[in-house]
Amino acid sequence: MNPNNYLVLSALLFSIGAIGVVLRRNAIVVFMCVELMLNAANLAFVTFARLLGNLDGQVVAFFTMVVAACEVVVGLAIIVTIFRSRRSASVDDANLLKY
Amino acid sequence: MEAAHALASGTSSLLVWLVALPALGATILLLAGRRSDKWGHLLATGLSGASFVVGVVELFKMLSRDGESRGVSQHLFTWINAGSFKVEAGLLLDQLSICFVLLITGVGTLIHVYSIAYMEHDHDRRRFFSYLNLFIAAMLLLVLGDSFLNLYVGWEGVGLASYLLIGFWNQKPAYATAAKKAFIVNRIGDMGLSFAIMIAFTAFGTVSFQGVANHAGPEHKQVMTWMGLALLLAAAGKSAQFPLQSWLGDAMAGPTPVSALIHAATMVTAGVYLITRSNFVFDSAPTAQLMVVIVGVVTLLFGALIGTAKDDIKKALAASTMSQIGYMVLAAGLGPAGYAFAIMHLLTHGFFKASMFLGAGSVMHGMNDEVDMRKFGRLRVAMPITYLTFGLGYLAIIGVPPFSGFFSKDKIIEAAFNAGGARGWIIGLAALLGAAITAFYMTRVMVMTFFGQKRWADDVHPHESPKLMTAPIIILSIGSIAAGALFAFGSSLQLWLEPVVARGFVEGEPALQPIVVSIMALVAVALGVALAYVKYVRVPVEAVAPTNVSIWTRFARRDLLQDAFNEAVFMRPGQYLTRALSFFDRKVVDGAVNGTGALFGGLSVRVRRVQTGYVRTYALLILVGAALVLAAMLAARI
């Protein structure tokens with residue numbers, strides 16, 4: 001199979017994720033979109049590893065997974081706490097940290 | 001060559017005690033504070049007297065040596081040692097300084113004694129005596145210093161003491177202002193002295209009298225002229241000479257003994273000492289000498305004119321002091337022909353003016369501190385001793401033979417005529433005119449205070465002062481009778497000072513015979529007295545100063561507009577300048593600094609609006625940014 005297809009898929013997934021982050025208000029959905037972007041990047045890494053014939057890309061993909069897991073732990077905790085105190089998971093409601 | 005002459009040929013270890021004793025007194029009294037209230041005045045008087053005794057001992061030691069080897073010095077320590085520049089702290093006692101030492105400690109001690117009684121009811125009497133001792137110490141340092149820099153220390157010391165004593169009753173704002181005025185005007189003069197020291201250092205690399213004297217001569221005429229002018233400025237400040245004369249009248253705010261000691265007998269004559277001591281400078285600089293003469297003549301007439309219009313007895317005496325010092329400066333400006341006469345008049349003036357000031361203090365003591373002569377009159381009955389001693393001082397100052405002022409002033413007028421040519425005639429006639437005006441205003445003071453009808457209020461009970469006050473006055477008035485004849489007889493003072501101030505000077509043919517000058521002076525005095533007689537004895541003196549007077553009287557009452565002039569020419573423009581500078585500082589300098597701050601402050605108010613708090617905005621911006629970076633990298637690749 002042509003590796004370019006994987007790259008196209010990766011780009012598509014990344015774009016969907018990015019658009020989701022910018023457009024959606026629900027924090028959980030935004031979060032899932034971030035995960036989508038990370039995984040799109042992982043797909044690109046693995047594809048390039050396959051294309052170049054070394055393992056560097058695959059190693060980075062593992063690192064990304066670890067970082068994504070940590071991020072989920074911290075991020076979900078924050079979202080839950082905010083939801084408990086404000087009764088809302090909208091990212092637009094949590095706008096106190098400003099000028 | 002006279003410059004090769006050494007100022008001091010021997011040493012003496014006693015000199016330091018002259019200065020140290022009164023300095024010790026001042027230190028003890030200031031440190032011990034109220035604990036010494038009971039005995040402080042006695043200690044101060046005793047130490048001042050002890051200093052006088054040391055002075056007398058030195059005089060006798062000096063008399064036992066002959067003319068050229070009479071000067072002695074004492075090396076104290078090396079004060080400044082910076083490479084090639086070296087200043088030794090040393091004292092020099094020669095024929096000139098011994099006159100001053102005896103005048104300062106002698107008159108000073110008498111005035112200490114007088115002050116014991118005069119200041120008896122002042123609860124700050126101890127502080128007063130500590131300042132008096134400080135003054136004596138500083139003044140002795142001034143006349144004993146062997147270099148311009150050592151003299152400068154004493155010069156500043158007497159300025160400080162004068163400031164402290166004029167403002168002694170500084171609870172009255174007017175008195176505190178008078179003290180400040182004296183200090184500030186003196187500062188201008190002090191600047192002159194520091195310029196002179198700098199010139200001496202730059203030109204000759206030394207500041208000692210001996211070092212500068214070694215360079216005296218026509219080859220350094222220009223340097224000497226500048227130095228002479230700077231010294232003249234210094235002398236004008238300290239001696240209340242034109243154009244720095246305005247402080248002396250206000251200085252009368254101090255207690256009367258202070259006026260007698262500092263502002264009549266000693267400190268104000270420091271300028272004359274400075275000129276005489278720097279004779280080697282002025283003898284090599286005819287232009288500076290001419291300026292000295294001009295300043296002297298202007299001041300002697302200026303002071304005399306002010307004296308004619310003053311109703312305040314102390315201010316009238318102050319104006320007369322100014323005028324008499326004008327005579328001394330005039331004489332000092334005449335060069336070797338006049339130095340000795342300047343010193344002679346200085347010494348006799350020290351006696352008679354101090355005795356008159358103490359007399360004025362005695363009058364005030366008996367009159368509830370009244371100073372307005374229009375409220376006196378007929379005091380000769382109530383205060384016979386004060387009347388007699390003041391009368392002797394009066395006869396001395398107007399120059400009636402055989403009192404001391406006659407000899408000294410006559411010599412100055414004579415020397416002025418002998419200055420030669422038109423210049424001699426002008427200054428001679430000015431000096432004669434001054435003598436006539438002196439006779440007029442002193443007669444006026446005498447008549448208004450002691451003669452005529454009584455004009456004081458009913459609750460005032462004039463009485464003679466205690467013996468502690470009259471005794472010093474009596475001693476001083478003996479001086480005002482005898483001193484002149486003593487100094488003038490056989491030209492004794494002239495010969496005494498000759499090794500210091502007039503080495504190798506030969507008197508020329510006099511323009512006028514001495515007897516002619518004496519007769520002219522006596523005629524001038526008689527005219528002055530007669531005019532005063534017509535104006536103040538034939539017509540009763542009014543108890544309130546008349547207001548419908550001529551413009552000239554008003555002019556003189558306002559001190560010939562000296563204060564108005566200073567205010568208009570120096571004070572106001574100075575104020576405007578400082579205001580303009582302060583405006584510049586506030587608006588331009590501060591404006592630039594504050595403006596920069598305000599610019600960034602204002603900018604930040606706008607820029608921080610970017611921080612909306614919406615996470616999605618940030619995410620979009622990051623995305624756009626990342627896209628732009630990526631695009632740029634790709635563009636660079638292609």
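How many residue pairs are in polar contact between chain A and chain B, counting those where both are at pLDDT 80 or more? The count is four, a polar contact being a pair of N or O atoms within 3.5 Å; within protein, one must be able to donate a hydrogen and the other to accept it, and residues adjacent in sequence count only if both atoms are side-chain atoms.

A quick word on the ground rules. This is a predicted model, where local features need pLDDT of at least 70 and side-chain atom pairs count only at pLDDT 80 or more, while totals for chains, interfaces and linings use all residues. Residues are numbered from 1 along each chain as its sequence is written, chains are lettered from A and ligands numbered from 1 in the order in which they are written, and side-chain values use heavy atoms, with hydrogens and water left out.

**Where the chains meet**

On the chain A side, 13 residues are in contact (heavy atoms within 4.5 Å) with eleven residues of chain B. By class, that side of chain A has eight nonpolar, one polar and four charged residues. Here Ala, Val, Leu, Ile, Met, Phe, Trp, Tyr, Cys and Pro count as nonpolar, Asp, Glu, Lys and Arg as charged, and the others, Gly among them, as polar.

Together the two chains bury about 1,100 Å², with 61% of it on carbon and sulfur atoms. Buried area is the accessible area (1.4 Å probe) that two parts lose on being put together, summed over both. Within chain A, the residues that lose the most area to chain B are A:Val22, A:Asp92 and A:Tyr99, together 53% of what that side buries.

A:Asp92 turns up again in the salt bridges. The rule finds one salt bridge across this interface, meaning a side-chain nitrogen of Lys or Arg within 4 Å of a carboxyl oxygen of Asp or Glu. The partners are B:Arg616 and A:Asp92.

**Salt bridges, pair by pair**

Over all chains the count comes to 17 salt bridges. B:Arg616 lies in helix α25 (residues 615-637) of chain B and A:Asp92 in the segment after α3 (56-86) of chain A, so this pair joins two chains. Helices (H or I, at least four residues) are DSSP runs, numbered from the N terminus.

| Pair | Closest N and O atoms |
|---|---|
| B:Arg616 and A:Asp92 | 2.6 Å |
| B:Asp563 and B:Lys181 | 2.8 Å |

How exposed are they? Buried means under 20% relative accessible area, exposed over 50%, and partly exposed in between (1.4 Å probe, protein chains only). B:Arg616 is buried at 16%, and A:Asp92 is buried at 16% too.

B:Asp563 is partly exposed at 28%, as is B:Lys181 at 22%.

Helix α6 of chain B also holds both B:Asp190 and B:Arg187, three residues apart, about one turn of the helix. B:Asp190 is buried at 3%, whereas B:Arg187 is partly exposed at 34%.

Elsewhere, B:Arg34, B:Asp37, B:Asp124, B:Arg126 and B:Arg127 are linked in a network of salt bridges.
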